[in-house]
Amino acid sequence: MNMTDCKTKLDWALEHAKLEFKLLATHGIVNGRCTCGDPHCSHPGKHPMFANWCSDATDDPEEIVEIWTRYPYANIARLIGDDVVIDIDRRHGGYESYDVLNSRVGGLPKTPTALTGDDGAHLHYRCPASYGITKAHSDLLPGVELKRGNSAATMPGSLHISGRIYSWI
């Protein structure tokens with residue numbers, strides 16, 4: 001057993017808040033199902049629990065303790081805001097497309113990267129407005145999505161429908 005096996009979602013959320021990520025609670029996975037209750041949920045464990053998720057996202061430790069104490073099964077996501085997350089979907093050729101993107105731009109810098117529950121990746125970049133990236137691009141390349149603004153990314157410590165836990169790599 002490693003140390004990540006011992007952390008609660010609250011522990012994970014507090015760590016993410018220290019990185020100044022604005023967090024929101026998403027439905028979790030309990031007994032192999034999304035806690036939203038829809039047996040045909042199209043985004044199990046990945047959609048917000050609360051309607052005002054964008055404006056309610058927080059990095060305040062007191063609010064985070066309140067949320068994850070009340071909903072310990074809730075997954076953790078971050079509001080991306082002015083940053084950029086490159087979402088690589090392995091099932092749709094994302095790693096191959098990422099290699100193409102990386103070579104086109106002359107090499108992307110190293111950045112905090114999370115392994116997703118389905119062996120994809122989320123690359124988290126701080127991205128000032130001066131970089132000129134003003135919106136998200138869901139069709140950047142096959143299997144690669146650029147997330148920005150009022151978009152969210154599931155964070156390490158969250159449980160995927162596959163039973164795997166998102167983790168930093």
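Start your tour by selecting L19, which sits in the loop between α1 (9–18) and β1. Keep in mind as you go that this is a predicted model. At 40% relative accessibility, L19 counts as partly exposed.

**Stop 1: two residues with positive phi**

Select E20, which belongs to the loop between α1 and β1. Most residues other than glycine have a negative phi. E20 is not a glycine, and its phi is positive, near 65°. Is E20 buried or exposed? E20 is exposed, with 59% relative accessible area.

Move on to N31, in the loop between β2 (29–30) and β3. N31 also has a positive phi, of about 55°, although it is not a glycine. At 78% relative accessibility, N31 is counted as exposed.

**Stop 2: a lysine over a ring**

Show the side chains of K7 and W12. K7 lies over the face of W12, 3.8 Å from the ring centre.

**Stop 3: the aromatic cluster**

Next, select F50, Y71 and Y73, which together form one aromatic cluster. A pair of aromatic rings is described by the distance of the centres and the angle of the planes. How many aromatic pairs are there? The count comes to two aromatic pairs.

Look at F50 and Y71: this pair is edge-to-face, with 5.5 Å from centre to centre and 65° between the planes. F50 is in the loop between β3 (33–34) and α2 (53–56), and Y71 is in the loop between α3 (61–70) and β4, so the pair ties together parts 21 residues apart in sequence. Then turn to Y71 and Y73, whose ring centres are 6.2 Å apart; their planes meet at 85°, so this pair is edge-to-face.

Y71 is buried, at 18% relative accessible area. F50 is partly exposed at 34%, and Y73 is partly exposed at 30%.

**Stop 4: the cysteines**

Select the cysteines and show their sulfur atoms. A disulfide is a covalent bond between the sulfur atoms of two cysteines. How many disulfides does the structure hold? The structure holds zero disulfides.

Zoom in on C34, whose closest cysteine sulfur is that of C36. The two sulfurs are 3.6 Å apart, which is too far for a bond, because a disulfide needs them within 2.5 Å. C34 is buried, at 9% relative accessibility. C54 is in no disulfide either: its nearest cysteine sulfur, in C127, is 17 Å away. C54 is partly exposed, with a relative accessible area of 27%.

**Stop 5: the largest pocket**

Rolling a probe the size of a water molecule over the atoms shows where empty space is left. The largest pocket has a volume of about 520 Å³. To find it, select K46, D87, H122, K147 and A152, the closest to its centre of the 27 residues that line it.

Which elements give two or more residues to this lining? They are β1 (22–26), β4 (75–88) and β8 (144–154). Of these, β8 gives the most, with eight residues. By class, the lining of the largest pocket has nine nonpolar, 11 polar and seven charged residues.

**Stop 6: the second largest pocket**

Move to the second largest pocket, with a volume of about 230 Å³. Its lining has 13 residues, and those closest to the pocket centre are V84, I86, L108, Y125 and I133. Here the lining divides into 12 nonpolar residues, no polar ones and one charged.

**Stop 7: the cavity**

For the last stop, look inside the protein. The structure holds one cavity of 30 Å³ or more, and the largest cavity has a volume of about 30 Å³. Which residues line the largest cavity? Select P44, G45, K46, N75, T154, S158, L159, H160, I161 and Y166 to show its lining. By class, these residues are four nonpolar, five polar and one charged.

Key:
Residues numbered from 1 in each chain as written. Predicted model: local features only at pLDDT ≥ 70, side-chain atom pairs only at ≥ 80, totals over all residues. Heavy atoms only, no water. 1 Å grid on protein atoms, 1.4 Å probe; cavity = no way out; pocket = protein on both sides within 12 Å on 5 of 7 lines; lining within 4 Å. Points joined across faces, edges and corners; volume = space filled by probe spheres on them. Helix = DSSP H or I, 4+ residues; strand = E, 2+ residues; numbered from the N terminus. Nonpolar A, V, L, I, M, F, W, Y, C, P; charged D, E, K, R; others polar. Phe/Tyr/Trp six-rings, centres within 6.5 Å; stacked < 30°, edge-to-face > 60°. Buried < 20%, exposed > 50% of the residue type's maximum accessible area, 1.4 Å probe, protein only. Lys NZ or Arg CZ within 6 Å of the ring centre and 35° of its normal.
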